[in-house]
Amino acid sequence: MASLLNGNTCVVGLQWGDEGKGKVVDILTEHAEVVVRYCGGANAGHTVRIGSEKYATHLLPVGVFRPGVLNLIGNGVVLDPAVLFREIDEFVGRGVPISPVNLRISYKAHLVMPYHMQEDAAREIQSAGAIGTTRRGIGPTYADKMQRATALRVADLQHEEKLKARICQIVTERNKVLKVLYDAPPLDWLETFEAYRDYGRRMLPFIDDVGHTLIQAWRDGKRIVFEGAHAVLLDVDHGTYPYVTSSNCSALGLYTGAGAPPQMVQNFFGIMKAYTTRVGGGPFPTEQDNNIGSYIRERGNEYGTTTRRPRRCGWFDAMAVRYSVDLCGITHIALTLLDVLSGLEQIRICTGYNVRGQRLDYFRADMDTLADVEPIYETLPGWKQDLSQVRRWADLPSEAKTYVRRLETLAGAPIKMVSVGAERNATLIRD
Ligand code: IMP
């Protein structure tokens with residue numbers, strides 16, 4: 001892979017998330033010195049399989065599994081300290097070293113507080129128009145960040161007296177609002193303060209000026225990987241709003257979310273599955289709520305890493321992926337989960353949409369349009385062979401190669417990597 005990539009790389013999902021970014025970031029970090037998370041929070045779930053061990057990270061960058069890699073949590077991340085320390089304790093217990101030597105957290109990152117989670121869950125249960133969120137408090141935390149007056153950042157953990165006064169004021173106010181709106185039980189502000197004070201003390205050695213550290217690393221010529229979470233179609237500005245997450249989780253978010261100038265990144269590695277999945281609500285034109293969808297779900301183990309919810313499954317939507325490729329300036333693609341499609345007689349690809357009798361040949365991330373579209377499909381022959389043991393592109397069945405080449409043409413960027421299993425070596429490189 002080193003020969004494939006010169007310069008620094010952003011890894012980003014091209015669909016609605018869960019494309020297998022964890023595995024690709026892990027492979028790319030073999031030759032990297034720095035890995036940066038720049039968006040989202042514990043709503044993400046990146047899975048890495050190393051030998052017989054399987055790790056699921058929600059907040060920690062995937063570079064923690066590579067000795068010598070510096071992992072940065074950028075200012076664009078919303079940080080739930082309870083999840084962070086649970087994750088650190090679990091991995092350290094399993095022999096993965098994590099310390100301030102290989103992990104730094106931006107003082108500018110915002111904190112997820114218990115009332116954010118309470119509000120997220122209450123809205124989902126009681127409001128009209130639920131989004132189907134992960135209930136990790138993501139939306140309310142980003143809302144507070146923009147609102148400013150009631151937001152708390154990692155830096156605030158360093159000033160305990162001020163923190164105490166602010167938590168008292170914010171929790172007291174929030175209790176009133178949540179009681180009126182959702183009849184929610186009140187939170188104890190002192191308990192909340194004590195918990196966050198303790199998190200702060202433990203976090204202190206990890207807190208850093210991550211933007212500055214990143215610029216230094218760049219100047220020193222270190223190789224940097226930006227680990228996108230979620231995916232382009234979940235981006236709050238460019239995704240299928242309002243059924244999106246609350247951060248700029250396309251590649252465009254890396255500049256503000258990590259604190260990086262555009263010149264720092266040369267490669268944009270888009271990750272896409274050989275089919276499409278989605279968790280939560282929102283339009284999904286190629287969804288197969290039938291035997292095909294179930295076949296894909298069971299073979300691909302399409303259940304959420306964070307919530308275990310069954311994922312909605314459907315055919316590959318080339319319209320959606322082309323939009324993501326164009327938006328992010330994708331230079332390389334990794335195609336994942338090709339092995340899942342083995343055994344299907346025929347495989348369909350959506351190459352256009354009909355909207356009220358008119359053909360639309362580009363993707364509009366607009367609810368009203370997407371709710372009404374009828375996909376136009378192209379049908380290709382499937383293949384019977386199990387692909388999970390294939391290790392070279394040349395050894396794929398010809399139908400699988402034809403399928404991959406067709407996806408590449410439609411997506412508009414070269415497919416450089418094809419994944420046929422969770423392990424590191426179940427990866428075919430196309431040079
Ligand atoms: P939230 O991010 O918890 O607010 O959820 C908003 C929407 O984004 C929901 O439909 C979630 O299922 C979806 N979502 C958030 N993170 C991910 C992810 O990492 N993979 C897939 N879907 C996600």
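The following paragraphs walk through a predicted model, starting with its sheet and moving on to a helix, salt bridges, a surface patch and some backbone details.

Begin with the sheet. Ten strands make up an open sheet with mixed pairing, and their order is β9-β7-β5-β2-β10-β1-β11-β15-β19-β20. The edges are held by β9 (207-208) and β20, each of which has a single partner strand, so one side of each has no neighbour in the sheet.

Strand β19 (residues 415-419) shows how such pairing works in detail. On one hand, strand β15 (residues 332-336) runs parallel to β19, and three bridges join the two. Within this pairing, Leu-335 stands opposite Val-418 of β19. On the other hand, β19 pairs with strand β20 (residues 427-429) in the antiparallel sense, again over three bridges. Here Ser-419 has Thr-427 in β20 as its bridge partner.

Next, look at helix α6 (residues 189-203). The helix has 15 residues, and at 1.5 Å a residue it should span 21 Å; the C-alpha atoms at its ends are 21 Å apart, which agrees. Which residues of α6 are buried? They are Thr-192, Phe-193, Tyr-196, Arg-197, Gly-200 and Met-203. These residues cover an arc of only 130° around the axis, which puts them on the same side of α6.

Salt bridges link parts of the chain through charged side chains. The count for this model is 24 salt bridges. Asp-89 is partly exposed, with 43% relative accessibility. Arg-202 is also partly exposed, with a relative accessible area of 37%.

Another salt bridge joins the side chains of Arg-66 and Asp-26, at 3.6 Å from N to O. Arg-66 sits in the loop between β4 (53-57) and β5 (70-73), while Asp-26 sits in helix α1 (residues 21-28), so the pair ties together parts 40 residues apart in sequence. Are these two residues buried or exposed? Arg-66 has a relative accessible area of 13%, and because buried means under 20%, it counts as buried. Asp-26 is buried as well, at 1% relative accessibility.

Lys-273 lies in strand β11 (residues 267-273) and Glu-302 in the loop between α9 (291-299) and β13 (312-314), so the pair ties together parts 29 residues apart in sequence. Lys-273 is buried, at 0% relative accessibility, and Glu-302 is buried too, with a relative accessible area of 1%. This pair belongs to a network of salt bridges that links Asp-18, Lys-273, Glu-302 and Arg-311.

Leu-181 is located in helix α5 (residues 160-182). With 52% relative accessibility, Leu-181 counts as exposed.

Some backbone details remain. Most residues other than glycine have a negative phi, and most peptide bonds are trans. Pro-242 is in the loop between β10 (224-227) and α8 (254-259).

Positive phi values occur as well. Asn-301 is not a glycine, yet its phi is positive, at about 45°. Asn-301 is in the loop between α9 and β13, and it is partly exposed at 40% relative accessibility. Leu-337, also a residue other than glycine, has a positive phi near 60°. Leu-337 is in the loop between β15 and β16 (346-355), and at 22% relative accessibility it counts as partly exposed.

Technical notes
Residues numbered from 1 in each chain as written. Predicted model: local features only at pLDDT ≥ 70, side-chain atom pairs only at ≥ 80, totals over all residues. Heavy atoms only, no water. Helix = DSSP H or I, 4+ residues; strand = E, 2+ residues; numbered from the N terminus. Buried < 20%, exposed > 50% of the residue type's maximum accessible area, 1.4 Å probe, protein only. Pairing = 2+ DSSP bridges. Salt bridge = Lys/Arg side-chain N within 4 Å of Asp/Glu carboxyl O. Expected span 1.5 Å × (residues − 1). Arc of directions from axis to C-beta.
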